[in-house]
Amino acid sequence: MSQVILWFWYLVLLWLFTSFGSSRVVWGAESNESQLSGASSSEEDSERRLSSTIADFFLNSQSEEGEIPTLDTVTVISSRLPSFRTRLSDIPSNVSYFPANISYKGREELARSSARTFQESVQDLESGIFYDQVGNGLDTTFGLRGFSEGSEVVVLVDGVRVNELDGAAVNYPLIPTYDIETIQIERGSASPVYGSGAFAGIVHVTSRRPSKKRVHLFGGSEVSSFKGIKFYQGASGTLSDRLTPLGGAFTYYFNMGRDLNDGFRSNGEWRITSLDAKAGYQLPDDGGSLEVGIKHIRDALSNPGSLTIPEFYADEGQSKNLLDGRDFRNTIIHLSADKKFLDQRLIASLLTSWRMNWIHFYTTSRTFIDGAFNPDTDLVTVRTRTTDLIWQLGYREQWKALESETHVGMEFRDASAHDVEQDAFRGNVVETSPRETERTSKPEFFGLFWRERLKIFERVIAHAGMRHDWHTLKTDDQLNSANDLSRRWRNSSFSTGLTVKPFKFLDLFANYSQGFRVPTISEVAPFSSAVATELNPEKTDSYEIGSRFRHRDSILGKTSLFLIDTKDEILFDSTSITTTAPFGQNINAGKSRRVGLETRLDLVPVRELDLYGSYTWVKAYIRETGGSGVPFDGKDLGLVPRHRLTLGAEVKPLLRYGTPWDGLRFRLDSRYTGRQFIQSHESAAQASLDAAGETIDPYLIFDLMTSFEWKGKRIYFKINNLFNRIYYSRAVAATAFAGFNPSITPAGTHLFVNPGAPREFILGATWEFGS
């Protein structure tokens, strides 16, 4: 099999070598050289340039049908609210962007990849970290630059922060791939704009926008060999305003879907229902807009949990946690408004949102007993409410060769949470079941931010910004008032960056940014454990240098070097076990460091062939402990692959023959995840590591897909994990407590692993109609 793989890549490289430069593709930069020229020699040219850059600043990057934006013209979100945009080539950091109508990555390309989840849609990117936290293949985490837990990445959907109130994780089923228009991922610290938790990166997800047609119908369906079926249907459009004297247009959008799957393991099924509806009004000449929308999702997911190594090799599809799972209900209502003034040089933007969550989940320990309950199964019920308000002003002015852009804004959050943990032996909860935890929490924050961008001759772009935040957290323990807590934190963070364009084909950039993250509710007041009254916020200093380059219409590449120093990183210390913290507790780990290299190359040697590849090298380790000696100095952080490589190719063999043959495509994607240390490696006792093992084996996964598209209809067939590689993406060492049921987990220290998904066959179709 390895020989087949090597021959495939040999033929691809041979084709590349013999065909390079023989044709041009649609996304090249050379056709836009005039847009990167120096300052105009006349006031008239200067005014034309000002109008063009203002349009780039305020308009989103979705072009009219038939227009193909390029790297030099496409704009990306550049501030807290999605109304504020700038050219991607001006950004002084490594940004990945999947905009609509760009041939190599767009909404169409996201659809063509047939990714089931958000994580699958971005798994070919550099610097990503993915592992299965609960073993169902759906709740894969997403981290960046050596931060594996995901709480250091802020995820925004249409500008609304969707990280959970407690834990800052993201319930990714909230973002169905069939409802995504664009994805933007900016790596590195962004706390000076986005506040707490944004020091590994920012993810902007824009849901599908209303069509410019009067009526546009779309939908899709697919079936899976895991006894799964997914389907969705939607409608959108734009109607001219004939009711008011404003002369604008009404917009509408509705999309609803259902995803059912039995999964690849026992107790691994899921049932997901999603709804996205919005209505808006657009003023003429892009003078402003108003939109109100609602997103609702309900998912019922089973969590098969982890297996010991002997159990994994005996049958990776089994589950020892047959009771575990969750019922999640989430509703987000948002209202946004934008208005432009002073010949569109000034923009005012407002976003307010209300989010309500209800989570009901069962969890069973494989090593811990709770009195007479052996094993210990708990039911946790979480209810949260979040209200966010963000406003922002942006002003842009130009004086011949000098262009200035200023953003100022405010962000406010008021939230509350109520959590209950109860014993649920064998999945049963009765009136007499004791409540192990019952708490009420009230987190709030208020932030002010400012950002400045100065462009000289469109060749030098300097950035600077800062933000100041005030955070409060109050928790009331309904069972023990001695555990009540009231904490306050405040922080100022600063960032600066520089982009230089010495040639039309090359961008050089560098940046420095500070970041911070305040402790979450459960980090300070964890379930059934001691309150961490002295836990401090994490702070980071992030440095990055890099480049973006392109050659004619055939090569697009980028490279970045980064270093992130973290102080008071919050980590779980599995060796710090007490009667009030039987599993360990959260601590500030002193100082840690992450250093790495990211690179990506996209090649289109001929119209029929698209190639991509990315490579990431990261080293993440403890530099200095906080005085307790745990975590141990110099130890590598867990679940951070040292090497990660992605390669892929898409072939359109009949493109030159025109319609309908140009719709036939074949695609192969591959992902190599290198050696990594197990979860909590930095704090695990050496005796446990010696007994269980301390590393996760590398693994290589291939996906193959063929598809045919014609007149807005598409059918596809996909094989995930083509060669049926057996692997696990997460592992942790744990010791069974004395007296634990040996029929479930034998006595001793074990390595518990979460299996990856085996080979899966998928057949699906999508369709679009409009007038």
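Predicted model: local features only at pLDDT ≥ 70, side-chain atom pairs only at ≥ 80, totals over all residues.
Let's begin with charge pairs. Side chains of opposite charge can pair when their charged atoms come close. In this model the count comes to 56 salt bridges. Three of them are listed here.

| Pair | N to O distance | Apart in sequence |
|---|---|---|
| Glu-411 and Arg-80 | 3.2 Å | 331 residues |
| Asp-124 and Arg-600 | 3.6 Å | 476 residues |
| Arg-145 and Glu-598 | 2.8 Å | 453 residues |

Glu-411 sits in strand E19 and Arg-80 in the loop between strands E1 and E2, so this pair ties together parts that are 331 residues apart in sequence. Both Glu-411 and Arg-80 are buried. Strand E28 holds Arg-600 and also Glu-598. Asp-124 is buried at 5% relative accessible area, Arg-600 at 7%, Arg-145 at 0% and Glu-598 at 1%. Elsewhere, a network of salt bridges links Asp-90, Arg-396, Glu-403, Glu-405, Arg-453, Lys-455 and Lys-501.

Now for the surface. A nonpolar patch there covers about 940 Å², and its residues include Trp-391, Phe-412, Trp-450 and Trp-470. Strands E18, E19, E20 and E21 each supply at least two residues of this patch. Leu-350 is another member, and its place is in strand E17. Leu-350 counts as partly exposed because its relative accessibility is 36%.

Is Thr-377, in contrast, buried or exposed? Thr-377 counts as buried, at 3% relative accessibility. Thr-377 belongs to strand E18, and its side chain makes a 2.8 Å polar contact with that of Thr-364. Beyond its sequence neighbours within four places, Thr-377 also touches residues including Leu-323, Tyr-362 and Phe-425.

Definitions and conventions. Residues numbered from 1 in each chain as written. Heavy atoms only, no water. Helix = DSSP H or I, 4+ residues; strand = E, 2+ residues; numbered from the N terminus. Buried < 20%, exposed > 50% of the residue type's maximum accessible area, 1.4 Å probe, protein only. Polar contact = N/O pair within 3.5 Å; in protein donor to acceptor, adjacent residues only side chain to side chain. Contact = heavy atoms within 4.5 Å. Patch = residues over 30% accessible without salt bridge, like charges linked within 9 Å, V, L, I, M, F, W, Y side chains within 5 Å. Areas by Shrake-Rupley, 256 points an atom, 1.4 Å probe, with all protein chains shown as cover. Salt bridge = Lys/Arg side-chain N within 4 Å of Asp/Glu carboxyl O.
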